[in-house]
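Here is a short report on one structure, written for a first look. Keep the model open while reading.

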Amino acid sequence: MRSLDIVVVDADRSEVSAKLIQSIAAAPGLRVAERANDLKSATRAIRTGRAIAAVYIPPRFDEDLLAARRPQIIAFYNAQYFTPGNIASRGLSDAISDAVSQLSPLCDVRLPSVDGGSLVVEQCVLTNPGLNYAGFLLRAVMPTTLHVIIGIATAYAIGTEFSRRSRRAWLHCADGSPLIALAGKLLPLFLLFFALLGIEALILHARFELPYRGNVLMMVVAAMLFIVAYQSLAAVLVLLVRDLTLGLSLVAVISSPAFGYAGVGLPVLAMNGFSKAWGALLPIRWYQQILFDQAARGSPVQASAPAFAILAGMALGLFVVAWWRLSRLSSEFQREEDTPLPRDGRGIAGAFIGEWRRVLADRGVFSLLIVAPVFYGVFYPQPYLGQLVRKIPIAVVDDDRTPLSRRLIQALDADEAISVAVRAPALDVAQQALFDRRVFGILEIPRDTEREVLKGNEARIPAYVDSAYFLVFNRTLQGIAEGAGDTNVSDISRGLRMDGAQARLALTALSPAELLMEPLYNPTGGYASLVVPAAFVLIIQQTLLMGTATLTALGFERRSGTRRIASGPTGLFGRGLAHLTIYAAALALFFVLLPGRRILAARDDPPALDQLRRIFPSESAIDGLVRIGQMGARLSEVRTDWLYLWLLTAIYFVLAVAASRRRAAIEAADAV
């Protein structure tokens, strides 16, 4: 992620503050986009999206820095935009710390040691050393998107046999064998989806240069089992209800929230008991684990064997259940006549009433438009209720075995973010624990660490942190840095009063200026506050789109011999009003109960893609609602978002009228 915009409020306006601003502008990934006169203007820039963070340099900063009085610099960053906010925070912290160290008059002065040197955490990024967000996001999102398509396509293929032709004819084509009938339905789609997964892998490898470090054969077989599992699950659901629309609804209800339960966005260790149990029942949980272990982390095959065995058992078990259910239904296969849907009346009111009656008359549409949004409102947030990832297990390799190393380990274990779960005698033992997912980071304390500190030198301690999951990576690194920092402070103050001159001088030498990082709009960094509102808008869009499309198709295709839905602007307007009232309860749930936007900010998109994504209403809706609801923006500050929404409303309404009239013309021509 590059060129994150920063706004600077320079209340000092000195040569020293100018050099500090130059250092911030030169930092990788940051760009000083604006100079504000006061904090109110800087906050407005963050709220409207012109900047992701702001830096406040107080008056008399240069005097205080040169006098070694540790002036305070405040940096505000938008924590509601999780990834860009954290990247901006880390970039500002590094840039400001380096700049003040060079600008401080103590930089060239070697002070007498108070109690030795300090510990310096040396970051060693595992799995994704370039911290390439595409490497994480695409590997997670592509299978998640595809599993929804797999389920819906399979449900449609099976469900049409309950409405469009004699199901006895389906079995007759398979020589009366339910196994052949089921396999014949699933195989073409299986080949298509397997080819899509292969194309995706080639794109990730060739276009984004993402390596596949592990066992390729295991990944290929796991992909096949993943497809079969979701095809079989969709077949089981449709065969149980024997209804196309209801089967589609059930598939959507199970597959849509699966990303949260898969343990990619928020790790499994941070979930509650229900979320862990439900996620364990989903094939995508185990496929994602195999994919990340083998493709990203390069784990040994035996480390992924348990997840592979579970995925294989799910695929085989679900296929057997679908086969058994089809065998039970084969003797009952009689064609069911569809119950005619209610017809529209005249005008807007007639279309409004007719649409409501059709929603209530069809079980599948009713579940999609009314039951699903309420169900999602309760079901989807469950994995994120813990908000923060706490006590991430790490391994420590203590080659020093001194009082200092023991104090450091105690500080690490006391930190909120991490816990020392493994005391490894060597790095290879710790690495095996990393492959087994027992730990997510390794801290090595080299031999003679305490000796270097007592000599007054910086002692570097390597931290090997797994970056396959970005949230775990950031929290683990934060916890290690905090533990080392606490150890440094305790060593500096040992035997001294914290308000004493000698302790203050040592602290000033270690950190010439105090940097205060202030998160805005999501001060706790809670994951639920970040994800749930945005995901809820996406769910409303998805269920409304699927329900409306299904209802329209049923109105045209029921075998009653007459059109059930009214065409023309008045009919479409009446049906649109009906959908608005149907979703009033879901919208109320959003505004009243739920606490924000996509994890990846759109500012890193290419200009063409930035405009293309605007064709989806959820894009502008999420941005505007989050800014108003979570960030306190006024309507004028989200003017672009609501203008886009009104424009899309007009464009899609005109296209719907044109499509309806074209359909009416075709029907009139066929009737002649």
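In β4, Y56 has I74 as its bridge partner. That pair belongs to strand β3 (residues 53–57) and strand β4 (residues 72–78), which run antiparallel and are joined by 4 bridges. Helices (H or I, at least four residues) and strands (E, at least two) are DSSP runs, numbered from the N terminus. Two strands pair if DSSP finds at least two bridges between them.

This is a predicted model, in which local features need pLDDT of at least 70 and side-chain atom pairs count only at pLDDT 80 or more, while totals for chains, interfaces and linings use all residues. Residues are numbered from 1 along each chain as its sequence is written, and side-chain values use heavy atoms, with hydrogens and water left out.

β3 and β4 sit in an open sheet of 5 strands, ordered β2-β1-β3-β4-β10, with mixed pairing. Its edges are β2 (30–36) and β10 (514–520). Each has a single partner strand, so one side of each lacks a neighbour in the sheet. Neighbouring strands are turned by 25° against each other on average, direction ignored.

Two helices lie across this sheet. Helix α2 (residues 39–47) lies across β1 (4–10), β2, β3, β4 and β10, and runs at about 165° to β3. Helix α4 (residues 82–103) lies across β1, β2, β3, β4 and β10, and runs at about 160° to β4. Angles run from 0 to 180 degrees between N-to-C directions, and axes are lines fitted to C-alpha atoms, for helices over the stretch in contact. Contact means heavy atoms within 4.5 Å.

D398 has I445 in β8 as its bridge partner.

## Helix on helix

Two packed helices are described by the angle between their axes and the distance between the axes.

| Helix pair | Angle | Axis distance |
|---|---|---|
| α7 (residues 178–206) and α8 (residues 216–241) | about 135° | 10 Å |
| α8 and α9 (residues 244–255) | roughly 140° | within 8 Å |
| α7 and α13 (residues 301–330) | about 125° | 9 Å |

The angle makes α7 oblique to α8. Angles under 35 degrees count as roughly parallel, over 145 as roughly antiparallel, 65 to 115 as roughly perpendicular and the rest as oblique. α7 passes α8 in a right-handed crossing. A crossing is right-handed if the near helix is turned clockwise from the far one by less than a right angle, and left-handed if anticlockwise.

Which residues of α7 meet α8? They are L182, L186, L189, F190, F193, F194 and L197. Their partners in α8 are V220, A223, M224, F226, I227, V228, Q231 and A235. This contact has 14 nonpolar residues, 1 polar and no charged. Ala, Val, Leu, Ile, Met, Phe, Trp, Tyr, Cys and Pro count as nonpolar, Asp, Glu, Lys and Arg as charged, and the others, Gly among them, as polar.

α8 is oblique to α9, and the crossing is right-handed. L233, A234, L237, V238 and V241 of α8 touch L246, G247, L250, V251 and I254 of α9. The classes are 9 nonpolar, 1 polar and no charged residues.

α7 is also oblique to α13 and passes α13 in a right-handed crossing. P178, L179, A181, L182 and L186 of α7 make the contact with F319, A322, W323, L326 and S327 of α13. Here 9 residues are nonpolar, 1 is polar and none is charged.

## Salt bridges

Side chains of opposite charge can pair when their charged atoms come close. A salt bridge is a side-chain nitrogen of Lys or Arg within 4 Å of a carboxyl oxygen of Asp or Glu. The count by this rule is 17. One joins R358 and E355, whose closest N and O atoms are 2.6 Å apart. These two residues are 3 apart in helix α14 (residues 347–361), so about one helical turn separates R358 from E355.
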